[in-house]
Amino acid sequence: MSKKYTITTPIYYVNSVPHIGTALTTLAADVTARYQKMRGREVFFLTGTDENGLKVKEAAEKAGKDPMAFVDEISSKFKEIWPGMFIEFDDFIRTTEPRHRIAVQEFFRILQEKGHIYTGTYEGWYDVSSETFYKESDLVDGKSPDGNEVRWVKEDNYFFRMSSFAEPLMAHIDANPNFILPETRKNEVVSFIKQGLRDVCISRANPGWGIPVPGDDSQVVYVWFDALINYIAATGWPKPGWEDYWPAEVQWMGKDILTRFHATLWPAMLLGVGLPLPETLVGHAWLLMGGEKISKSKGNVVAPLELAAELSERSTCALDVAIDAVRFYMAATLPVDNDSVFTYEEFDRKYNTDLANDLGNALNRSLAMSHKFVGGSVPGGSVEEEAVQAIAKAKADFETAMVTFRIDHATDAAWSVVRFLNKYIDTRAPWALAKNNDPALPGVIRSMLLCLRTAEGLVRSIMPKTADAIAAQLGSSPLTDWSQIGTEGSLIEGTALSQPKPIFPRLELTKKEEPKKMEQPKPQPTATPIPAQKEEAVATEITIDDFAKVKLKVGRVLEAEPVEGSDKLMKLQVVIGEERRQIVAGIRKSYSAEDLISRQVIVCVNLKPAKLRGVESQGMLLAATDADGGAILLQPDKEAPEGTGVK
RNA sequence: GGCGGCGUAGCUCAGUUGGUUAGAGCGAACGGUUCAUACCCGUUAGGUCACCUGUUCAAAUCAGGUCGCCGCUACCA
């Protein structure tokens, strides 16, 4: 068997339902897959779900469900939603499957055997008051950077020696310019690696859910470590035959999970085991939803399908075509370097101008002329030189764009042939040729039809149903072989053409009253974020007496203002009973000053005061950490007098 | 704070290794055409290429600095 062209998306976390970010990534992968198939490659397109996190178990319990039943349910939602967007994956892996568990354990075992995992103890300087680990080089005069006492500690866990892979990784990145795309992201990765990679904790106490560490059931493999291995697990590894599927030619993902995971941890893991690295990692930017606030509970992947349904209704186009229109929009604007903002106005406008006016109308008028002037079948004659060149250029530009996975540019290249066609028709004016019985007429009509046939082929990976519809109107069978695109052979003389029928009925755009307020909710991360290392390490039990040392009280925020020179810190004046304190908290990412003022909070009042950015902080607010690393402040269930003790 | 990126016509953006009148798409205005889904084609936009100072015969394109925005990273009691 020959090596397949392997394309992956991240596996999506089943803690929530599919959203816009996952749709964008998966669409990009699908376009890549369809393109490669047309080029004659055997493609292996992999996606799946990530189901082993502790959060999953907790979410299941909260929903009153058995974890397995819970993940079955959500995983199937993902599995079912993609075909609805004409996304054709070849394999769907779930991390709860035996094939994945076997691969993870074997992967772990090999790393252990090769000495890349050290077990049982983490030794290092530890700042007890901040519960943070420090490297020798972090210390200042034998104290933590904050001036606290540090002690040498040991923690029980498994650690991956990622630090030893910084150099080989840098060498690989230097030697393979296309390893990380786009360039901006690659620069980020390089600077991240240059400042030194730390060993990572790759296990945690077994909560009864997850993949046990081989030979040690008290621990499960840490979710991220586990999740990344799906890519190789799906190839059948460690069983023979995996070489036909690995390495992946391209691994698509959102930019949030590129630097820390796919471009460092993942390749380091592969190097450790001795497996080849993927050829290219692409981290795209976000398509932010503007214009309308997104309901978090709904989940945003519904948006593309709802958008399609709504478009279909408003424009009376076929639902299939509407879904293609959504695919087109996403492909044409697929953000790479910078995020872009989606608005309904822009979507409608693009539908009308690019799809209805340019492509749809070009097909429509060309067919109408074919019926009127040359009897409704594909004429012979030779395709004119300027058309030949425009076709060749569009095709070549598409190919060039796809080398670096610039789907937006590829889409533009496909459109260039349509734009050419409209100009060409205008210049050659077939109606005038017909009037004068000009012998050039058949050749001109044929040139026009070949442009359309080319457009059909170029557009096919992006809009498969639309391509079929174009082929049908051209009376031809779908053009699925890339090498045939633009050739005389793709357009058989004498083929009967259908009567023209608009594929994209125009939308009647009413003037919008006034632009709605732009809301740009933070995109949800594509998959599990890695928890801070200190969370991992502090599994140590404490006694009730230990806990009693911590004095917690209810307080109320009186004033709040950002700390200058910091992007996360907020300076707060908090009233706690009789006293009033200044507290500095790193919560600006999640809360504005207005959010905070007059809010009740829980404060640790006997924490040693410290200076943050030169501002004195006399305590600490209690907060949970959300998936993005933002803060979720704890608040009494109902109003309690300021100063009330908490235990 | 460190590193990186960005700041070009009303909007979205292209602008290779510095070199004639700075480009495309959309919107707008005007004109043309009639095959077509009132579509398409053309012309027009006189933009301090964020700002300042340099290097050079010549800079949007290089160097230094300033301002603004963003990303990564650090800090986040």
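Start by selecting Glu456, which is found in helix α16; helices here are DSSP runs of H or I with at least four residues, strands are runs of E with at least two, and both are numbered from the N terminus. This is a predicted model, where local features need pLDDT of at least 70, side-chain atom pairs count only at pLDDT 80 or more, and totals for chains, interfaces and linings use all residues. Residues are numbered from 1 along each chain as its sequence is written, chains are lettered from A and ligands numbered from 1 in the order in which they are written, and side-chain values use heavy atoms, with hydrogens and water left out.

Is Glu456 buried or exposed? Glu456 is buried, because its relative accessible area is 0% (buried means under 20%, exposed over 50% and partly exposed in between, with a 1.4 Å probe and protein chains only). Show its neighbours next: leaving aside residues up to four places away in sequence, Glu456 touches Ala467, Ile470, Ala471, Leu474, Pro478 and Leu479. Contact here means heavy atoms within 4.5 Å.

**Helix α16 and its partners**

Now select residues 441-459 for α16 and residues 464-473 for α17; their axes come within 8 Å and cross at roughly 155°. Axes are lines fitted to C-alpha atoms, for helices over the stretch in contact, and angles run from 0 to 180 degrees between N-to-C directions. The pair is therefore roughly antiparallel (over 145 degrees; under 35 is roughly parallel, 65 to 115 roughly perpendicular and the rest oblique). On the α16 side, the contact is made by Leu452, Arg453 and Glu456, and on the α17 side by Ala467, Ile470 and Ala471. By class, that contact has four nonpolar, no polar and two charged residues. Ala, Val, Leu, Ile, Met, Phe, Trp, Tyr, Cys and Pro count as nonpolar, Asp, Glu, Lys and Arg as charged, and the others, Gly among them, as polar.

Move on to the strands. In what order do the six strands of the open sheet run? The order is β3-β2-β1-β14-β15-β9, with parallel pairing (two strands pair if DSSP finds at least two bridges between them). At the edges, β3 (91-94) and β9 (180-181) each pair on one side only. Further in, select β1 (residues 5-13) and β14 (residues 250-254), which run parallel and are joined by two bridges. Ile7 stands opposite Val250 in β14.

**Backbone stops**

Most residues other than glycine have a negative phi, and most peptide bonds are trans. Zoom in on Leu181 and Pro182, where the peptide bond is cis with omega near -10°; Pro182 sits in the loop between β9 and α6 (183-194). Another cis peptide bond joins Trp237 and Pro238, with omega about 10°, and Pro238 is in the loop between α8 (230-233) and β14.

Next, find Thr316 in the loop between α10 (302-315) and α11 (319-332). Phi of Thr316 is near 65°, a positive value, and Thr316 counts as exposed at 60% relative accessibility. Finish at Asn437, in the loop between α15 (430-435) and α16. Asn437 has a positive phi of about 50° and is exposed, with a relative accessible area of 67%.
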